[in-house]
Amino acid sequence: MINGFTLNDPSTVTGEQKVIFEKAEQGFGFVPNIVNGFSESPVLAEAMLDLYGKFSSTSLDPIESHVVLQTINVLNECLYCVPAHSTGARKNGVEESLDESLRKNQPLDDEKLESLRVFTSEMVDQRGHVTGEQFNAFIDAGWSKRAALDVVFFITVKTLTNYGNHITGTDIDEVFQPMEWEPEAAPAS
Amino acid sequence: MKLSKAGLMAGAVAMVAIGAGAGVASHAAVAGKTSTGFAVHTVESAPASVEAEMAFYSENFGFIPNLAGVMADSPALLKSYIATFNNLNEFGSLSPAEVNVVALAISRVNECTYCIAGHTMVGKTILPTPDDVLESLRNDEKIADKKLEALRNFSIDIYEGHGQVSPSTLRSFLRAGYDRQQALDVVAVIGWKVMSNVAGDIAEVKLDEFAKPFAWSKD
């Protein structure tokens with residue numbers, strides 16, 4: 001943890017923090033450090049938990065959702081979120097090779113998933129200002145306009161968690177540590 | 001912030017009154033499409049799972065804002081948009097004006113014409129914000145009030161750095177009189193605006209009639 005943020009002892013939290021810890025326990029089976037650190041701001045912790053509860057309301061299946069989420073984690077260089085999502089995805093049957101490509105920000109073999117990865121990257125890098133050509137390439141690959149809006153939803157999820165983690169410097173939970181990740185070094189100039 | 005139900009209603013009534021002043025007599029409830037082909041839903045055409053969210057708009061505003069009609073096509077998006085506002089209202093440590101400062105600062109960085117007009121109107125109604133502050137935000141200029149300027153600056157730095165802020169940026173924010181909780185609340189407001197700014201942009205959502213008095217363009 002950085003910037004004066006700390007982890008709370010789950011047995012001593014009270015009030016709204018306690019409610020947040022209980023919700024995290026229900027949703028994730030334990031209280032991940034990210035929720036613990038965010039709980040200093042009930043708004044951010046509640047918003048994160050609310051949005052995590054809505055993945056199944058999107059038109060993307062769990063593998064497609066992982067492609068979008070992990071692509072954003074890598075672009076935003078979230079040292080906490082990449083290992084967390086690798087751990088969760090692999091546990092839920094996402095192929096290791098797929099996740100490895102995402103962690104390295106490399107193209108995917110599957111053409112349709114690759115177009116989803118590319119569109120997500122463009123949306124993040126260009127802050128939603130994608131060109132007509134980029135947007136049409138996404139639609140031509142077989143994605144719906146609703147899927148484009150769902151990508152906006154996932155970008156929001158990651159805005160909350162990636163940005164928040166940069167501020168709190170969340171310690172990686174032990175359970176995620178085998179999947180630790182570092183951004184590729186920038187090419188020497 | 002903690003807006004009472006009555007406060008919210010009064011704000012919504014004021015918004016509709018501004019619209020009436022602008023000559024908005026009625027709002028045809030016809031489902032349509034944006035110029036980039038996104039559906040603009042009505043109460044009738046929207047997916048059943050967002051019934052409550054659509055009712056929220058029609059009950060409070062008397063019509064469905066175009067952006068809500070577009071977001072409704074992705075229930076996860078519209079539900080999250082309203083849930084995040086409710087969380088800000090219920091648990092937030094920023095004042096209504098401060099929430100609007102962050103919202104408008106981010107909308108300005110994203111150059112979201114729909115959201116800049118919308119949050120100017122919101123600043124005159126639901127989240128009361130001084131006129132000179134609204135003007136500075138629209139023009140991407142420093143706010144005269146030092147504390148609000150520190151908030152504007154911090155929000156833009158976080159957003160432009162994709163969350164990465166230097167310890168000194170955070171220190172100046174804290175020195176201006178804010179605390180760590182508020183630093184994280186800013187992230188929640190940024191998330192709230194990413195939804196509307198980015199959806200507004202890719203769908204090219206048209207301004208609602210009632211927001212036209214506050215139209216913004218880059219030049």
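Mentor: Helices (H or I, at least four residues) and strands (E, at least two) are DSSP runs, numbered from the N terminus. Asp132(B) is found in one of them, helix H7 of chain B, residues 131-138. This is a predicted model, in which local features need pLDDT of at least 70, side-chain atom pairs count only at pLDDT 80 or more, and totals for chains, interfaces and linings use all residues. Residues are numbered from 1 along each chain as its sequence is written, chains are lettered from A and ligands numbered from 1 in the order written, and side-chain values use heavy atoms, without hydrogens and water.

Asp132(B) is partly exposed, at 44% relative accessibility (buried is under 20%, exposed over 50%, partly exposed in between; 1.4 Å probe, protein chains only). Together with Glu135(B), Glu141(B) and Asp145(B), Asp132(B) forms a negative surface patch. Patch residues have over 30% relative accessible area and no salt bridge; like charges are joined within 9 Å, nonpolar side chains within 5 Å.

Asp140(B) meets Arg152(B) in a salt bridge, 3.3 Å from N to O (a side-chain nitrogen of Lys or Arg within 4 Å of a carboxyl oxygen of Asp or Glu). Asp140(B) lies in the loop between H7 and helix H8 (146-160) of chain B, and Arg152(B) in helix H8, so the pair ties together parts 12 residues apart in sequence. Asp140(B) is partly exposed at 41%, whereas Arg152(B) is buried at 8%.

Arg152(B) also forms a salt bridge with Glu149(B), the closest N and O atoms being 2.9 Å apart. Glu149(B) and Arg152(B) are 3 residues apart in helix H8 of chain B, which means about one helical turn separates them. Glu149(B) is buried, at 11% relative accessibility.

Terms used:
Areas by Shrake-Rupley, 256 points an atom, 1.4 Å probe, with all protein chains shown as cover. Lys, Arg positive; Asp, Glu negative; His and termini not counted. Charge placed at Lys NZ, Arg CZ, Asp CG, Glu CD.
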